[in-house]
Amino acid sequence: MKIYPMLYLKILFLIILSIFLPFSSCGADIPVLLQESTGENYSAQLLEIQDNGVLVQRTESEKPTGTAQKISYKTLDVITFSGNKTPSETDSTSAPILLKCRDHSCFTVSSLTLEEGIFHIKYADSELQVKEAGIHFVLLQNSLLTASESEKTDTSIQKIWNESLSLETNDDILVVNRDGKLSYYRGMILGVSEKAVRFEMENDVLNINRDRVFGFILAKKPGAAPVQFPSQAMILSDVQGNRWTLKNIHLVKNVSEKEENEKAKISWETPLGLAFSIPSNRIAQIDFSDGRIIYLSSLKPESVLWTPYLSLQKFSETRAQYYEPRMDRSINGNPLKLQGQTYARGICMTSQTEITFRLPENYTRFQTIIGLDDEVRPNGDVTVIIRGDEKELFRENIHGKMEPIPVDLDISKIRRLTLFVDYGKNMDISDHTDFVDAKLIK
């Protein structure tokens, strides 16, 4: 067979390229930030998600450097997905129903019914089924709860719902909304249709208009098998604040050529067997830390104190509730965002707010990034003070035109950590201060 010289040279050239060029992501470049348990943080492109680790290629100034390397889950704490979009910037189907499963997954769905012990739910374009025993609670009027947290509305909605969740009972709990006032009843949920919730109470079976049902909480079923969690802890969060406990996870490349941001999808399965798949730009982070880190927003504060700008003026409980710190949300109820980067975890506070946490043992570092939320930038001016056991560890004036400030503090001998946001030059105007990715590290 005759080989022409030019063809031979082209083949040789391609072979050399395949040997010496860095690993390519095949057009599915996914920019991420990796945090390893050693404390090392770096930017990279996510190339593959494997059974026991991820394959990444480090980047500098958004350009790949070196060759691909595998990072084991055992040494990996968190993968944060860069450049993702908030819900306000993304066309997405409305999902007004909040669902929490027994495997601790908590996410919104667009439709839900219950028939013969099986929940039928719709998430994005997927129709899923899950046994009743796998569900902890369903919040049908999730938008009202979000509004009560972020707007000047009746805070009794949040109070009654939290009270319902804390009840110790072997019965199901039905929470009914009557003209904005919540009340709850013990009994048994028999079924849920598009129009009504079928509820048994004191031997009477009632069909309650679904529009009047705020939500319901399901009792643990006697004899139900416990959830089988995988040995490797993995928790995935999306940009809308949904969270899933994972049994397995995969990266699917080049699933669509219609849009640049759909060149890769993340697919996963939960311990309950629910399967999901969404574009990678909808993912906020994947947490592999398995107790090596604790996010401050997951801890219950020991105390919270807010002082109004006009301290002599009386404010209602509703007004005070509006100015309380927000966990994993901005003051207006949106995902936390600093300079275009969305963060799944963190705390947002207004001026003259102090929040104190009693720290668990064996954690040695406190890390966070502090800045004015994008909702108010470039406005805003505050003074941030961090104290450990009443000793000042950090103080900085922060305004809306400056870069977010990374903070890394030694807390090995500290039992109480206090975050305080004080007035800056503009008093309480545009003072929404984010402590994003705020965490304790062993």
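**Close-up views of a predicted model**

**View 1. Q35 has N41, in strand β2, as its bridge partner.** The structure is a predicted model, in which local features need pLDDT of at least 70 and side-chain atom pairs count only at pLDDT 80 or more, whereas totals for chains, interfaces and linings use all residues. Residues are numbered from 1 along each chain as its sequence is written, and side-chain values use heavy atoms, with hydrogens and water left out. Strand β1 (residues 31-36) and strand β2 (residues 41-49) run antiparallel and are joined by five bridges. Two strands are said to pair if DSSP finds at least two bridges between them. Helices (H or I, at least four residues) and strands (E, at least two) are DSSP runs, numbered from the N terminus.

**View 2. Strands β2 and β3 form a hairpin.** Three residues lie between the two strands. Strand β3 covers residues 53-60 and runs antiparallel to β2, to which five bridges join it.

**View 3. S267 lies in strand β21 (residues 264-269).** The relative accessible area of S267 is 17%, so this residue is buried; buried means under 20% relative accessible area, exposed over 50%, and partly exposed in between (1.4 Å probe, protein chains only). Its side chain makes a polar contact with the side chain of S277, at 2.9 Å. A polar contact is a pair of N or O atoms within 3.5 Å; within protein, one must be able to donate a hydrogen and the other to accept it, and residues adjacent in sequence count only if both atoms are side-chain atoms. Beyond its neighbours within four places in sequence, S267 is in contact (heavy atoms within 4.5 Å) with N248, I249, H250, V252, F276 and S277.

**View 4. Zero disulfides are found in a search of the whole structure.** C101 is in no disulfide, and the nearest cysteine sulfur, that of C106, is 8.2 Å away; a disulfide is a pair of cysteine sulfur atoms within 2.5 Å. C101 has a relative accessibility of 2% and therefore counts as buried. C348, at 0% relative accessibility, counts as buried too.

View 5. Of its 442 residues, 47% count as buried. Among contacts with a separation of 6 or more, 62% are between residues 24 or more positions apart.
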